[in-house]
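Dear colleague,

Please find below the structure that I am handing over to you. The findings follow directly after it, grouped by region.

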Amino acid sequence: MIEGVWSLHRRRGGELLASLVVTGGDFPWLHARVEPAGGLEDVRPLFVDELRLLERVDEDVEAWERAYDAVRNVVVLRYPDGRDVPEFLLHVDGDEAWWRWSDQAFDDD
């Protein structure tokens with residue numbers, strides 16, 4: 001499940017946004033080449049904003065959390081077998097992506 005091609009989809013409607021072709025990893029992170037599809041350019045500004053705020057996360061963690069929530073509200077990450085990934089932290093920068101994930105949803109309580 002770790003290797004192969006993961007995919008990024010629009011939460012509403014399920015449109016394929018990008019294929020994420022795994023190129024390696026450094027546990028717990030996976031790294032991939034982004035192969036854009038359809039509407040990736042529509043959501044790319046969310047990833048740009050998230051990375052910009054991540055660089056300054058120590059100054060304002062809440063701003064980064066809001067930016068990442070915006071990403072998660074729009075996209076779904078799927079395993080190579082097509083199942084939705086319950087929890088993930090995904091960064092996209094140009095044609096590169098890296099993420100970590102959990103097979104179980106986190107409890108917000």
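I begin with histidine 9, which is placed in strand E1, residues 5-10. Strands (E, at least two residues) and helices (H or I, at least four) are DSSP runs, numbered from the N terminus. Please note that this is a predicted model, in which local features need pLDDT of at least 70 and side-chain atom pairs count only at pLDDT 80 or more, while totals for chains, interfaces and linings use all residues. Residues are numbered from 1 along each chain as its sequence is written, and side-chain values use heavy atoms, with hydrogens and water left out.

Histidine 9 is buried, at a relative accessible area of 9%. The term buried denotes under 20% relative accessible area, exposed over 50%, and partly exposed in between, for a 1.4 Å probe and protein chains only. The side chain of histidine 9 is joined to that of serine 7 by a polar contact of 2.8 Å. Such a contact is a pair of N or O atoms within 3.5 Å; within protein, one must be able to donate a hydrogen and the other to accept it, and residues adjacent in sequence count only if both atoms are side-chain atoms. Neighbours within four places in sequence aside, histidine 9 is in contact (heavy atoms within 4.5 Å) with residues including Leu16, Leu17, Val74 and Arg78.

Aspartate 84 is located in the loop between strand E4 (75-78) and strand E5 (87-93). Its relative accessible area of 43% makes aspartate 84 partly exposed. A polar contact of 2.7 Å links the side chains of aspartate 84 and arginine 78. Not counting residues up to four places away in sequence, aspartate 84 touches Val76, Leu77, Arg78 and Tyr79.

Regarding strand pairing, two strands pair if DSSP finds at least two bridges between them. E5 and E6 run antiparallel and are joined by seven bridges, with aspartate 93 opposite glutamate 96 in E6. These two strands form a hairpin with two residues between them, and glycine 94 in the turn has a positive phi of about 65°. Strand E6 (residues 96-102) is also joined to E3 by four bridges, again antiparallel; here leucine 30 stands opposite tryptophan 99.

Finally, the peptide bond from phenylalanine 27 to proline 28 is cis, with omega near 15°. Proline 28 is situated in the loop between strand E2 (16-26) and strand E3 (29-36).

Yours sincerely
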